[in-house]
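Good morning, and thank you for coming. Please take a moment to look at the sequence and the structure before we go through them together.

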Amino acid sequence: AGARDVSEEVGLPGRLPSPMRASPMATSPGSRKRPLPYFLASSVAAVINFPLWKASAIGQSGFRVKARGNGALQLYIEALKPPYKGVGVVVFGMTWARAAIFFGSDWGRQRLKETHVHDLLASAVPPLITSTFVQICNQPIIRASITLQDPSANHPSTWSVIRDICRRHGVAALWHGTSAGIMKTVPKYCCAILTKDYLEDKLPPSDGTRQGDLQRSAVKAVIAGVAGAVITNPFDVIRNEMFKTNQSLVAVVRRLGKEEPQFATRGLTKNIVAVSIPVACTIFFTDLFSRML
């Protein structure tokens, strides 16, 4: 008995001391932060979301679409249809952007919590920094891709739009609308990630089955996606108007306030769908791939 007690204390082979025993959380999506699951999840979300993004961009920009009816549903269905101009560039931009934001935010939260930073700051600061950085880097692709979706545009590709913008307005014009983009992107991802982290801590634990894990991830993903989408619509409208007219942020807000007082709700339904689905898909598939890989 005495030898058995000694072996338990020092952890001799045959029996591990309790602190070293494998935890069921060791393979959970929150235990290790690797970039590959985030990039795979973001790429899947980007492919799924492109038609929805296109319809949302057309609706919020006020581009005219020919449809059989004048109702919002008919216009939305028409906007969902091909051609899908610039799809490769848009999918690339969406993939690296969301992967960088979610991986950087989760990795940053983990590092900050290790230094005993308050949970709220640990969840809020990383997406604030990463989403701002990503928005600035991605802005030329965003502006050119949205401009390309205008059904009346004659540009054959995203790069053609970029060259045209540089020729007409200068290279700096590629970052026109960055302020509105940051006001839209940063709150969206901060809100979605704060919601995700809160639910990760507060939702009842899974029953340990694959179905239970998937259900828990799905609930967390959908709520976080919708939360991030609801508050950003006005900023999407302002940003897209800046792209369309090349006016400043202040000029666009003043004009919309006079001409379209309800501009904040323009394309709201489309935006909730277009924003919540890719965010929810990214969160859900990241959890899934983190368990698989």
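Thr286 is part of helix H11, which spans residues 268–292; helices here are DSSP runs of H or I with at least four residues, strands are runs of E with at least two, and both are numbered from the N terminus. This is a predicted model, in which local features need pLDDT of at least 70 and side-chain atom pairs count only at pLDDT 80 or more, while totals for chains, interfaces and linings use all residues. Residues are numbered from 1 along each chain as its sequence is written, and side-chain values use heavy atoms, with hydrogens and water left out.

Is Thr286 buried or exposed? Thr286 is buried, because its relative accessible area is 6%; buried means under 20%, exposed over 50%, and partly exposed in between, with a 1.4 Å probe and protein chains only. Leaving aside residues up to four places away in sequence, Thr286 touches Pro37, Tyr38, Ala41 and Cys281, where contact means heavy atoms within 4.5 Å.

Tyr38 leads us to the largest nonpolar core, where Tyr38 is among the residues with the most contacts. A nonpolar core is a set of buried Ala, Val, Leu, Ile, Met, Phe, Trp, Tyr and Cys residues joined through side-chain atoms within 4.5 Å. This core has 15 residues. Helices H4 (87–114), H7 (178–202), H8 (210–230) and H11 each give two or more residues to it, and the largest share, 5 residues, comes from H4. Phe102, also among the residues with the most contacts in the core, touches Tyr38, Tyr189 and Val279, among others. A second, separate core of 10 residues includes Ala46, Trp53, Val91 and Ile146.

Let us turn to helix H10, residues 249–259, where Val252, Arg255 and Leu256 are buried. Seen down the axis of H10, the buried residues fall within an arc of 95 degrees, so they line one face of the helix; the arc is that of the directions from the helix axis to the C-beta atoms. Arg254 and Lys258, on the other side of H10, are exposed. Helix H9 (233–245) is included in what covers the buried residues of H10.

Finally, which helix gives the most to the lining of the second largest pocket? The answer is H6, with 5 residues. A pocket is an open set of points on a 1 Å grid over the protein atoms alone, where a 1.4 Å probe fits, with protein on both sides within 12 Å along at least five of seven lines; lining residues have an atom within 4 Å of a point. Of the 18 lining residues, Arg143, Thr147, Arg168, Phe243 and Lys244 are the closest to the centre of this pocket.
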